[in-house]
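The following exercises are to be worked with the sequence and the model side by side. Each task is followed by a solution in steps.

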Amino acid sequence: MKRKKPKNIWEIFNFTFALGTGLLGSLLVGIFIGYYLDKIFKTSPVFLLAFTVLGIWVGFRDIFRFLR
């Protein structure tokens, strides 16, 4: 499926807003999961760091998939 180009400023804004919220959402979910796993297993900050990196990776992967 071919993606159409944004036509006006609102479509560009919508496009960039979707990319930014996708990255931020995956990062926050990673931090949330890592924080609570560290709290449960008392391994601070192992899971927090691991899931933060995982959240960043997933966010950028989604951006690259969306832009491809």
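**Exercise 1: The faces of helix H2**

The cover of the buried residues of H2 includes H1. The model is a predicted one, in which local features need pLDDT of at least 70 and side-chain atom pairs count only at pLDDT 80 or more, while totals for chains, interfaces and linings use all residues. Residues are numbered from 1 along each chain as its sequence is written, and side-chain values use heavy atoms, with hydrogens and water left out.

Task: Determine which residues of H2 are buried and which are exposed on the other side.

Solution. 
1. Helices are DSSP runs of H or I with at least four residues, strands are runs of E with at least two, and both are numbered from the N terminus. The chain has 2 helices and 0 strands.
2. H2 takes in residues 46-67, which is 22 residues. From first to last C-alpha H2 reaches 32 Å, close to the expected 32 Å (1.5 Å times one less than the number of residues).
3. Buried means under 20% relative accessible area, exposed over 50%, and partly exposed in between, with a 1.4 Å probe and protein chains only. In H2 the buried residues are Thr 52, Gly 55, Gly 59 and Ile 63.
4. These residues lie on the same side of H2, because they cover an arc of only 65° around the axis (the arc of the directions from the helix axis to the C-beta atoms).
5. The other side of H2 has Val 46, Val 53, Trp 57, Phe 64 and Arg 65 exposed. Val 53 counts as exposed because its relative accessibility is 56%.

**Exercise 2: Aromatic pairs**

Task: Classify the ring pairs Phe 13 with Phe 17 and Phe 41 with Phe 47.

Solution. 
1. Rings of Phe, Tyr and Trp (its six-membered ring) pair if their centres lie within 6.5 Å; planes under 30 degrees apart count as stacked, over 60 as edge-to-face and the rest as tilted. The structure holds 8 aromatic pairs.
2. Phe 13 and Phe 17 are stacked, with 6.0 Å centre to centre and 20° between the planes. Both residues belong to helix H1 (residues 9-41) and stand 4 residues apart, about one turn of the helix.
3. For Phe 41 and Phe 47 the ring centres are 5.9 Å apart and the planes stand at 45°, so this pair is tilted.
4. Phe 13 is partly exposed at a relative accessible area of 47%, and Phe 47 is also partly exposed, at 25%.
5. Ring pairs also join Trp 10 to Phe 13 and Phe 17 in a cluster.

**Exercise 3: The chain as a whole**

Task: Compare the radius of gyration of the chain with that of a compact globule of 68 residues.

Solution. 
1. The radius is taken over C-alpha atoms, and the globule rule is 2.2 Å times the number of residues to the power 0.38. A compact globule would have a value near 11 Å, whereas the chain has 16 Å.
2. The C-alpha trace spans about 50 × 20 × 15 Å along its principal axes.
3. Of the 68 residues, 13% count as buried.

Methods: Contact = heavy atoms within 4.5 Å.
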